[in-house]
Structure formats: structure tokens, C-alpha cells
Amino acid sequence: MTGERIFHYLCIGCPLGCRLEVEENAAGTDVEVRGWGCKTGKAYGRQEHTDPRRVVATSVRVSGGRWARLPVKTSGPVPKAMVRDVARAVRPVAVAAPVAAGTVIVADVLGTGVDMIATRDMERA
Amino acid sequence: MITPEVRQLAPRYDVVVSGAGPAGMAAAVGARERGAERILLIDREREAGGILWQCIHHGFGLHHFGEELTGPEYAERCLRQVTDGGIDVLTDTYVYDISPDRTLTLMSGSHGMRQVRAGAVVLAMGARERTRGAIRIPGERPAGVLTAGLAQKFVNMMGLLPGRRVVILGSGDIGLIMARRLTLEGVEVLGVFEIMPYANGLNRNIVQCLHDFDIPLSLSTTVVDIRGRERVEGVTVAPVDQALRPDMSRAHDIACDTVLLSIGLIPENELSRRIDLRLDPVTSGPVVNSTMETSIGGVFACGNVVHIHDLVDFVSQESLLAGRAAGDYVTGRRPPADNIRLLPGDNVAYCVPHTLSTDREHVVYMRVRKPMEKCTIRFGDVFSVKVRYVFPAEMVNITMKPKFLENFHGDSLRVDVVQR
Ligand code: SF4
């Protein structure tokens, strides 16, 4: 093991889709990003390699509403590795209409420090 | 809660907007801004907002609202503007017919068959998804073959899962979004198959909807057979050659119970055809001037009914313009007529609007036919702009300033995108 490792990412900054190469230094304390066409890609490669995060949007069951599902999202991005777990954790949740947009549906989901919030009003049917 | 429904239907309105999706909502707001008083916004669904309600993912609004929103959040903001503007919203109602004198025949769940007259009309019916018939996939006709957008409505609004093992045909953004959405609901997504050698969706969706969940994307590959008696039991996929002919010797079968189609959108112009609006054969939408007015005076059009947009933000911006022009029309303000026609040239599929005036600034939207890097967009010899790249999947928009046209005296401008 040399400790040097190379990882590949597709830049999402624009349709050019530069293929980024991220190389960790031996100590694993820093990275070098190559293959970018502009600064956006350079920053994206670093972020995506060291701390990738996503906003999770899903829906929960709602009773007595205009629709059967209430859309929700995380109030901020969560670590990419937790996306599936976050979605699974809210799957059994059910609420009753009416619900106002912005209402916290699950607080501090899986200890991530972010809440699952309603992204629309759900009026009674 | 915002439900600005109308109780009484008047026989006459200043502006009637057909379709209350993002285009219709912005158009109604634009008409109000310019002093139209009685505005009626009509939609066939049970609530205004259009497709945005089912697009529960995040990533809308960066251009128009300056922050990233989910579809429902974007819809609520637009709807708030509609309510604040005191605009009448009539849902559960279909605009069944329209005459050139702007009399609309409505079929309404709450009001029955009615006619209303409009000082100006804005067509904002949007688009519908291409279905299996549009690409003639051979095979049987079992249940379980549906468009990605319909599946999105089932999952995100109605709480129904379309199946357990899903194959997605076409790499359009809705298909990619649904690959992730179904995965998060515990459905197995076996792969996305795209007949072209490149993906149609945004790189962001390739990464965040497919790579994040290890969902394979097969380019230059298509579905050549769908099997199943009652319900889909499987599909056959095969790679295609450069002429898009499948190579059956390399075909293989996949067992699945659902096929989602994400193969493009078609503007919904049935109403436009009823009054014989001039349509552009490339966009399949109405030909419009720089105020988004169609070939019939007082009839405006905006959003996906005119040309398919890739970002809702541009739909809102274009529609605000259309609505303002409709407002000007009914309050008697007429801008100078357009005097320059735009002619799509090299590597330009179309330009919207189709004509320009020289007195004010315009945004020209256009789509290219093939990808190009390091190129120049040329408007005749009056104006050119260098761009790093163009892609067919990404609409180009160029701001045309009056000073560029100061010394131009022709009546048409050819638009070319050329390599530097
Ligand atoms: S690095 Fe820059 S040019 Fe390359 S894809 Fe990313 S944003 Fe586009």
C-alpha cells in the first residue's frame, strides 16, 4: 500500500461534464483535483470527495388530505452515505391533514441535526 | 391554505389564461402587473400548480427566486403571487374550445358548460409525455408500461407504487429522478436504457439519481420487446448501431414487472389548432412575436406549449412577459410592431420568439441540433457572442440589446452557431 489513491467523479457544474480525478496524498490529509475545466469543478471535486452531501426529498403518508402523500425534505443537506437511511427512517411516518408548509415532520432525523419538513400545505379534502 | 377558487363565473374577463401550471400562474401575475382587472386562470386539475406538485425533489428556482426550492415550494410561491394579485382561479375545468374572437367554451366540474369572453387569452397548456405509441416498441400490451411522469404522480401524490422491479427506457430527467425516487421507496430499479450515445438528462441527475444508488445507465441501448400477458413479465434490451438499428445477436432479457418511459414531451396544442394558430414544425408550438403573441391578435402563448423548456425558471420568465403583454393589450398599450424575423441557420433548431423589434431588449431562447464546444453564436453580422459550449439538452438564452440592432436595416437575421 502506497497510501496514494485516485478517485473519479463526474462534475455536475455544467453540461460539459468534466471527468474529475481526485488524488489523496499519502497521509490522507489533503487532495489534489485534476481534470476540471473551471474553478467550479475544482471545488466540486474536493467537496464531493471529502464530504459529499445531499438534500433528501421524499414523501410521507397523510390522512384526510387532498392527496394521499405529503412531500417532505431535509431542512439542509445530509451526508451522502445517509441518504437511504434517512428515506427509510421516514417511510413509516404518517400525519393528518391539515399540514402547513414548513412544519417539522421528523425532528433531527437520525441525529443528523436536520429536520424533515413539509414542503407544501396540505388542506383537508 | 391557498385555495383562491371562484364562486361566480363572469361572462367577460380582461384576460383568461388556459392552464395554471408555472406558465399560466406567471402569465396571470404579469397581466395583473400591467393593469388587467378581471383575470381568470383555468386548470383541469383539482388545484393550480401543474406538474410542480409532483416534482417533490429539490433544485428549482435558482434563476427565478434566487434559491433552491422543491417543486411544491416553487408552486406555492407562484400561487401566493396569484392570490395576492386577486386573480380568480377555476380548477377542475377544461377549456374545450376557443374561437378567434376569443370566446372560450369551458367544461367545468362546478359550473357545467359555460362560455366566457376574453379581452386577451394566454395559452399555457404545457406539454404531455410521449407514450409507448410514439416510439412503437414491439411486443405485447400488458399492464405496467407507463410514463415516468405518471409514475411520479402515483408515487408522490397518490401513494401508489407502480411495481417492484422497474426498467426505465430513456434518460430524460424525469426518468432519472424516478430512478432515485423509486429506489428510496424500496423499489428495485434495474437500469436506465438510452438509445442515443449520450444521456439526455442533466449531469447532476446522472450523478445524484443513478451513481449515488449504483443504478446502471446503458447508452446506445434500447428496449426491443416487452413481454407479459396481464402484467409486464420482462423486456429484451439490445445495443444499437450508429443508425440506431438494434443488434439482436447481443440482445438479452431482463425480468421486471414495470417499464417507465422517459422519452420526451410534446406541447399540448389541441386548442391552438382549433383556432388555426400558425405552428412552428420544429417546436410543434405556436409561432410567437417578441411579446409572445401568436398569429392571432390578442392570443398569447408561453411555456412548454410554445417550446419545451429544461428549467421551470425560464418558463416563469417567459410567461411573465407573455402575461404583461396580454395586460398591455387589454389596457390599450401596443408596443411597436416587430420588424425583424429570426431565421435558424447552422446548428440552430429553432429560436423563440420568432420575430424581434428594434426598440427594446429581448431574450432569445434557442436550441441547437448538436453539441459543440468553443463556439460563436452569430446573429447575422450585427452581433455575436462566444460561448464555451452548446448542448441540445440545454436551452441557450441570449439577451439582444437594442444597440446591436441600431444600424441594421434588413428584415431578417440569420442565427448560426459555428465552431471557432
Ligand atoms: S469543471 Fe467547470 S467546465 Fe467542467 S463540467 Fe464542471 S463546471 Fe463544467
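How many salt bridges does the rule find across the interface of domain 1 of chain B and domain 3 of chain B? Keep that in mind as we walk through this predicted model.

**Stop 1: the domains of chain B**

Start by colouring chain B in three parts. Domain 1 covers 12-128 + 266-331, domain 2 covers 131-263, and domain 3 covers 340-419. The centres of domain 1 of chain B and domain 3 of chain B, taken over C-alpha atoms, are 26 Å apart. Where they touch, domain 1 of chain B contributes 18 residues and domain 3 of chain B contributes 16 residues. Together these two domains bury about 1300 Å², with carbon and sulfur atoms giving 57% of that area.

**Stop 2: the answer to the opening question**

Select Arg367(B) and Asp310(B) and show their side chains. They form a salt bridge, at 3.1 Å from N to O. As for the count, the rule finds one salt bridge across the interface of domain 1 of chain B and domain 3 of chain B. Eight residue pairs in polar contact also cross this interface. On the side of domain 1 of chain B that touches domain 3 of chain B, you will find eight nonpolar, seven polar and three charged residues.

**Stop 3: where the two chains meet**

Bring everything back into view and select both chains. Here 37 residues of chain A are in contact with 37 residues of chain B. The two chains bury about 3300 Å² between them, and 58% of this lies on carbon and sulfur atoms.

Next, zoom in on Lys73(A) and Glu73(B), whose side chains meet in a salt bridge of 3.1 Å, N to O. Across the interface of chain A and chain B, the rule finds six salt bridges, along with 15 residue pairs in polar contact.

To see which parts of chain A face its partner, highlight helix H1 (39-50), strand S5 (57-63), strand S6 (69-74) and helix H2 (83-90) of chain A; each gives two or more residues to the side that touches chain B. By class, that side of chain A has 21 nonpolar, five polar and 11 charged residues.

**Stop 4: the ligand**

Finally, select the ligand, which lies between chains A and B. Among the residues around the ligand are Cys11(A), Cys14(A), Cys18(A) and Cys38(A), as well as Trp36(A). The shell around the ligand is made up of six nonpolar, five polar and one charged residues.

How values were computed:
Residues numbered from 1 in each chain as written. Chains lettered and ligands numbered in written order. Predicted model: local features only at pLDDT ≥ 70, side-chain atom pairs only at ≥ 80, totals over all residues. Heavy atoms only, no water. Domains from an automatic or database assignment. Contact = heavy atoms within 4.5 Å. Buried area = accessible area lost by both parts, 1.4 Å probe. Salt bridge = Lys/Arg side-chain N within 4 Å of Asp/Glu carboxyl O. Polar contact = N/O pair within 3.5 Å; in protein donor to acceptor, adjacent residues only side chain to side chain. Nonpolar A, V, L, I, M, F, W, Y, C, P; charged D, E, K, R; others polar. Near = heavy atom within 4 Å. Helix = DSSP H or I, 4+ residues; strand = E, 2+ residues; numbered from the N terminus.
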